[in-house]
Amino acid sequence: MPEPSVLSPPSVTEGVVAVIGHRDGDIDEGRVVAFDRESGERLWDHDFGRPTGLLAAGGSVYAGEKLGAGRGRVRVFDAKSGSHRWSQTVGNIGSAMAIAGDTLYAANGTLAALATDDGAVRWEQSAVDGVGFTVVIAPQDQLFADERAVYYGDDEGVLAMAPEDGSLRWAWRPDRWDWADVGPIPAGDSVYAGGGGDIAMLDAADGSLRWRTSFGAGAQVVGVHERGSTVLVAEGTDEPPSDTFGTLYELAVRDGSERYEVRFDSPVERTASTDEAFVVGTRAGRIRWSRGASFFHPFETTLSADGYLLGAAGTQAFAQTVEGTLWALSPDS
């Protein structure tokens with residue numbers, strides 16, 4: 001297993017789990033590896049330069065590679081065979097990637113829209129409405145896309161851009177906002193964004209604020225998951241030695257009011273969200289599956305690892321550890 005060198009967790013498509021990282025202790029020597037989701041059989045691997053990002057979707061594996069001088073390359077492989085499909089050079093280093101329809105969006109320096117079938121550049125924006133596209137905190141969480149818009153979050157708030165040309169649809173720029181550590185994540189007719197100790201729910205059509213909930217000083221939102229009338233929010237509080245802990249909150253979708261909470265002994269640092277489950281992982285390696293904190297008896301396990309990245313597909317979770325192990329984790333059926 002390559003050692004994680006970027007905040008790109010394992011990603012899954014069509015029964016294949018892909019991971020990315022560096023090899024031989026050198027961050028400029030990257031490797032992407034694919035495994036069978038059920039058996040763990042190693043299917044293929046490819047070596048290249050400095051890795052920057054990873055996304056598996058639609059039967060393909062997309063890997064970002066830094067080329068220098070703020071430029072990068074997106075390399076695309078068939079998920080099952082590992083055969084090379086195409087490569088495209090862009091004016092960013094491809095730390096964050098998202099797919100909607102037949103378009104791949106890649107960001108960190110610029111925002112580029114590429115055709116998924118051949119990599120043709122449809123458009124590339126260096127800035128929109130005065131905002132650049134620097135990905136600093138959460139490469140997999142600052143950029144999302146759906147059929148309506150491309151969403152980007154930073155220290156000023158949230159932008160929504162037109163998929164056809166990258167022009168601005170709307171902008172939400174509050175007076176007080178930390179980096180968008182989580183989201184903007186579209187869900188139905190809403191968009192969620194988490195910055196610092198706050199979670200905000202925006203209207204997907206115009207970006208207007210529906211509600212905003214704060215979890216207090218020292219809190220850090222690290223994951224959000226909407227399920228019906230409930231939204232689950234995971235956060236970590238890190239003010240040692242006496243106030244280091246994590247919390248999973250259950251909020252009402254209609255107004256953000258708190259319904260329930262579950263406390264962990266160490267901060268939540270990783271989350272993974274699918275239609276079937278919300279998986280949270282603490283700094284101490286405690287992994288918990290939740291469908292709703294107040295009405296679902298959770299499944300849990302613990303990893304004996306100093307650090308890990310967390311991905312998910314269906315109800316399964318996949319943890320890539322700094323020791324070089326990939327764990328496939330499943331709740332008790």
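**Briefing: strands, aromatic pairs and one buried threonine**

F133 and Y152 are both buried, where buried means under 20% relative accessible area, exposed over 50% and partly exposed in between (1.4 Å probe, protein chains only). This is a predicted model, in which local features need pLDDT of at least 70, side-chain atom pairs count only at pLDDT 80 or more, and totals for chains, interfaces and linings use all residues. Residues are numbered from 1 along each chain as its sequence is written, and side-chain values use heavy atoms, with hydrogens and water left out.

**Aromatic rings**

- The ring centres of F133 and Y152 are 5.0 Å apart and the planes stand at 70 degrees, so this pair is edge-to-face.
- F133 is in the loop between β14 (131-132) and β15 (143-145), while Y152 is in strand β16 (residues 150-154); the pair links distant parts of the chain, 19 residues apart.
- For F215 and Y249 the centres are 4.3 Å apart and the planes at 20 degrees, so the pair is stacked.
- F215 sits in the loop between β22 (209-214) and β23 (219-227) and Y249 in strand β25 (residues 243-252), so the pair ties together parts 34 residues apart in sequence.
- Both F215 and Y249 are buried.
- The pairing rule takes rings of Phe, Tyr and Trp (its six-membered ring) with centres within 6.5 Å; planes under 30 degrees apart count as stacked, over 60 as edge-to-face and the rest as tilted.
- The count by this rule is 8 aromatic pairs.
- R263 has its charged end over the ring of F245, 4.1 Å from the ring centre; the criterion is NZ of Lys or CZ of Arg within 6 Å of the ring centre and within 35 degrees of the ring normal.

**The open sheet**

- Four strands form an open sheet in the order β1-β2-β3-β4, with antiparallel pairing.
- β1 (11-13) and β4 (42-48) are at the edges with a single partner strand each, so one side of each has no neighbour in the sheet.
- From one strand to the next the twist averages 25 degrees, with axes fitted to C-alpha atoms and angles running from 0 to 180 degrees between N-to-C directions.
- Strand β2 (residues 16-23) pairs with strand β3 (residues 26-36) in the antiparallel sense over 8 bridges, and R23 has D26 in β3 as its bridge partner.
- Strands are DSSP runs (E, at least two residues) numbered from the N terminus, and two of them pair if DSSP finds at least two bridges between them.

**Strand β17 and its partners**

- In strand β17 (residues 157-161), 5 of the 5 residues are buried, so the strand is largely enclosed by the rest of the structure.
- β16 and β17 run antiparallel and are joined by 5 bridges, with D154 bridged to G157 in β17.
- The hairpin from β16 to β17 passes through 2 residues.
- On to strand β18 (residues 168-172), β17 makes 4 bridges in the antiparallel sense, and A160 is partnered by W170 in β18.
- The hairpin of β17 and β18 has 6 residues between the strands, and G166 in the turn has a positive phi of about 80 degrees.

**T52**

- T52 belongs to strand β5 (residues 51-57) and counts as buried at 5% relative accessibility.
- A polar atom of the T52 side chain lies 3.4 Å from the backbone nitrogen of E65.
- Leaving aside residues up to four places away in sequence, T52 touches V6, S8, G64, E65, K66, I93, G94 and S95, contact being heavy atoms within 4.5 Å.

Notes
A polar contact is a pair of N or O atoms within 3.5 Å; within protein, one must be able to donate a hydrogen and the other to accept it, and residues adjacent in sequence count only if both atoms are side-chain atoms.
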